[in-house]
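Dear colleague,

My notes on what was found in it follow directly after.

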Amino acid sequence: SFPTRALPISSLRMGEWVCAIGNPLGYEHSVTVGVVSFLGRKLFDASLDNYIQTDAAINFGNSGGPLLNAQGEVIGMNSAISSRASNIGFAVPINGAVAILPQLRDTGRVSRGYIGVALRDVDADLVKSLNLSVNEGALVQDITDGSPAERAGLRPYDIITTFEGQAIGNDDEL
């Protein structure tokens, strides 16, 4: 079962020892160890992904099993492996998994907000090359046809600096 308290990803550190538990390839109750190799890895959808990368062996059948820290706290849910290299696995941070539990219990599926844009952080290089008057925010690179963003009138090169009165520092914050 999932913990009732979610550990914030900010409490994790690269190099921290972790343990992955699962049933890879039918071998029940397997345990592997490794370290956190990267925090916030983008894999499938850059606007949603925030994976914990680890070298603890996560194989087929480990998905859904816990990723634990050295204190025995569940920090992630094993979910993916790299098809191009061995011993590169990924886990959904537990705070992300816990956040969707109410939706799964109530409806059996997860529904997420969608605006239909490709974004990029406003960084120093972008500020200089486009001579921008702002130093942070999210630059709209592309808009999906028929998306809410298109219907709202967003255009490529628009810069989003606030949302509902809250400052936006980068595309992840949006």
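**Findings**

Setting aside neighbours within four places in sequence, Leu 154 makes contact with Val 117, Ile 143, Ala 149 and Ile 160. Please bear in mind that the model is a predicted one. Leu 154 sits in the loop that links helix H3 (148–151) to strand E9 (159–160). Its relative accessibility is 26%, so Leu 154 is classed as partly exposed. Between the C-alpha atoms of Leu 154 and Ala 167, which are 13 residues apart along the chain, the separation is 18 Å.

The next point concerns the barrel. Six strands close into it in the order E1-E2-E3-E6-E5-E4, with antiparallel pairing. On average, neighbouring strands of this sheet are turned by 45° against each other, direction ignored. Within it, strand E4 (residues 66–69) pairs with strand E5 (residues 74–81) in the antiparallel sense over three bridges, and Leu 68 stands opposite Val 74 in E5. Helix H1 (residues 94–107) lies across E5 and strand E6 (89–93), and runs at about 50° to E6.

One residue of strand E3 (residues 51–54) also deserves a description, namely Thr 54. Thr 54 counts as buried because its relative accessibility is 0%. A polar atom of the Thr 54 side chain lies 3.0 Å from the backbone nitrogen of Ala 56. Leaving aside neighbours within four places in sequence, the contacts of Thr 54 include Val 18, Val 36, Leu 67 and Ile 88.

With kind regards

Conventions: Residues numbered from 1 in each chain as written. Predicted model: local features only at pLDDT ≥ 70, side-chain atom pairs only at ≥ 80, totals over all residues. Heavy atoms only, no water. Helix = DSSP H or I, 4+ residues; strand = E, 2+ residues; numbered from the N terminus. Buried < 20%, exposed > 50% of the residue type's maximum accessible area, 1.4 Å probe, protein only. Polar contact = N/O pair within 3.5 Å; in protein donor to acceptor, adjacent residues only side chain to side chain. Contact = heavy atoms within 4.5 Å. Pairing = 2+ DSSP bridges. Axes fitted to C-alpha atoms, helices over the stretch in contact; angles between N-to-C directions.
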